[in-house]
Structures are given as C-alpha cells and as structure tokens.
Amino acid sequence: LFRDADIPERYRWKFQEDFHTTTPDGTPVRIAQDARLYVSTLIDTAKAPERGFLLHGRPGTGKTLLSCIMLNELMLNRFRPGRFLNLSKYLQQLRDTYSEDSDNYGQTWRIIEALGKMPYLVIDDFGVQRGTEWAKEVLYDLVDTRYADQRFTVITTNQPLSELQQLSQGRIYSRLMEMCQQVEME
C-alpha cells in the first residue's frame, strides 16, 4: 500500500506522534492539538471516515505533513489503499495522455477513474494549477467523482478560500464544502 501511494519520501513514514503539539519551549499549539484529535478520530472509530478535510493556510504551516499523516494512519489501520496526488504532476500526467508518444496515450479517463475510486486521496497544492479551461474541467471531474462516491479526500491549499470559490463558477468549492471539514492551519 505504501509503495503505491506516491507519498513523498519526506512524509512516507510519518504518523500522528510525528505531529508535534507544542513549540520547542513547551507552549501548546491549539491547532496542532486539534489536528492530532482529527487523526485519532479517523482511526479510532469503527466507522469509515465519511468526510475529508480542506487544510488551508499560508505555506509552512504543516498542511502537507498533516495530510500525509492522515493518509499513512488510514492505510496502516484500515488496510485500504490511498494516494498522495501532487496536483501539478497529475495535470502533467493527464496532458501526456494526449501525446501519441506517451505510454499512457488515450488513458485519460482510466487515470481519472482510478483516482476517483481510490478509498483515500490527498490532493496537495490545490489551486496552484494554471487556470485553463481544460485544467478546471479535469479538476472538477476529479472532485465531482469523489464527491458523488463519498470518498475520503484531504485537500491542501495555500490559496485563500475566496479564490477557490471562483473555480468553475463555484461548483468545485460547493462540493469541497460538503465533502470536507475546513481547517485553517495557522
């Protein structure tokens, strides 16, 4: 499961004990304590998680680390596959499916469908993609598929939520608000 999850090496073996809840001088960090609670709730309840997370805030606040911890813990404790998806690499992979020289030529929908059915998915750096109509359509298709199938999804973004509201006339944002709990990372 871990080999196929595409989790960056830096985060591959990070678990909830790796997310520190205090500063080096011992001062408690409320959002970190809440984050630890989110993770333990995901793995300690018998019921599969129904709602994902939208982790938003400025760079360097631990969004990617927390999302990978959630993914690692879920795969380890629930024995189901997950995937870490760097959005810009994903879009490039899909662009390659239009090139006849590519091994993935003509496989666009196979790739989207596989990610749509993945039990656990982290979409990292949401909102940094170029705003082309094609990119917005592909992004909408992925989010809409996961939304319709009620798949656990964690989204990380540095973008203000007001900018995400503009994507696809608000259709993407609307689905994210229903399928994810918002967590502002400070």
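Which residue stands opposite Val-154 in β4? In this predicted model, the residue opposite Val-154 is Val-122. The two residues belong to a pairing in which strand β3 (residues 120–124) and β4 run parallel, joined by four bridges.

The protein chain holds seven helices and five strands. Read along the sequence, these elements follow the pattern α-β-α-β-α-α-β-α-β-α-α-β. The radius of gyration of the protein chain is 16 Å, which agrees with the value near 16 Å for a compact globule of 186 residues. Along the principal axes, the C-alpha atoms fill a box of roughly 55 × 35 × 30 Å. Of the 186 residues, 48% are buried. Contacts between residues at least 6 apart in sequence were also examined, and 78% of them join residues at least 24 apart.

Strand β4 covers residues 152–157, and six of its six residues are buried. In a regular strand, side chains alternate between the two faces of the sheet. In β4 both faces are covered: Phe-152, Val-154 and Thr-156 are buried on one side, and Thr-153, Ile-155 and Thr-157 are buried on the other. Besides its pairing with β3, β4 pairs with strand β1 (residues 52–56) in the parallel sense, over four bridges. Within this second pairing, Leu-55 has Thr-156 of β4 as its bridge partner.

Strand β1 is likewise largely enclosed by the rest of the structure, because five of its five residues are buried. Gly-52, Leu-54 and His-56 lie on one side of β1, Phe-53 and Leu-55 lie on the other, and both faces are covered. β1 also runs parallel to strand β5 (residues 180–184), to which five bridges join it. In that pairing His-56 stands opposite Glu-184.

With neighbours within four places in sequence left aside, Phe-53 is in contact with Tyr-38, Leu-42, Met-70, Phe-152, Thr-153, Val-154, Ile-155, Cys-180, Gln-181 and Val-183.

Leu-74 is found in helix α2. Its relative accessible area is 0%, so Leu-74 counts as buried, the limit being under 20%. Apart from residues up to four places away in sequence, Leu-74 touches Leu-42, Ile-43, Pro-49, Phe-79, Tyr-120 and Phe-152. From C-alpha to C-alpha, Leu-74 and Phe-15 are 9.9 Å apart in space, although 59 residues separate them in sequence.

The structure holds five aromatic pairs. A pair of aromatic rings is described by the distance of the centres and the angle of the planes. For Phe-2 and Trp-13 the ring centres are 4.8 Å apart and the planes are at 35°, so this pair is tilted. Phe-2 and Trp-13 are 11 residues apart, and each lies in the segment before α1. Phe-2 counts as buried at 13% relative accessibility, whereas Trp-13, at 51%, counts as exposed.

The rings of Tyr-98 and Trp-134 have their centres 6.2 Å apart. Their planes are at 75°, so the pair is edge-to-face, a class that requires an angle over 60 degrees. This pair links distant parts of the chain, 36 residues apart: Tyr-98 is in the loop between α3 (87–96) and α4 (108–117), and Trp-134 is in helix α5 (residues 133–148). Trp-134 has 25% relative accessibility and counts as partly exposed.

One aromatic cluster is formed by Tyr-38, Phe-53, Tyr-120 and Phe-152. Tyr-38 and Phe-152 are among the contacts of Phe-53, and Tyr-120 and Phe-152 are among those of Leu-74. Elsewhere, Arg-171 lies over the face of Tyr-140, at 4.0 Å from the ring centre.

How values were computed
Residues are numbered from 1 along each chain as its sequence is written. This is a predicted model: local features need pLDDT of at least 70, side-chain atom pairs count only at pLDDT 80 or more; totals for chains, interfaces and linings use all residues. Side-chain values use heavy atoms; hydrogens and water are left out. Buried means under 20% relative accessible area, exposed over 50%, partly exposed in between (1.4 Å probe, protein chains only). Two strands pair if DSSP finds at least two bridges between them. Contact means heavy atoms within 4.5 Å. Rings of Phe, Tyr and Trp (its six-membered ring) pair if their centres lie within 6.5 Å; planes under 30 degrees apart count as stacked, over 60 as edge-to-face and the rest as tilted. A charge sits over a ring if NZ of Lys or CZ of Arg is within 6 Å of the ring centre and within 35 degrees of the ring normal. The radius of gyration is taken over C-alpha atoms; the globule rule is 2.2 Å times the number of residues to the power 0.38.
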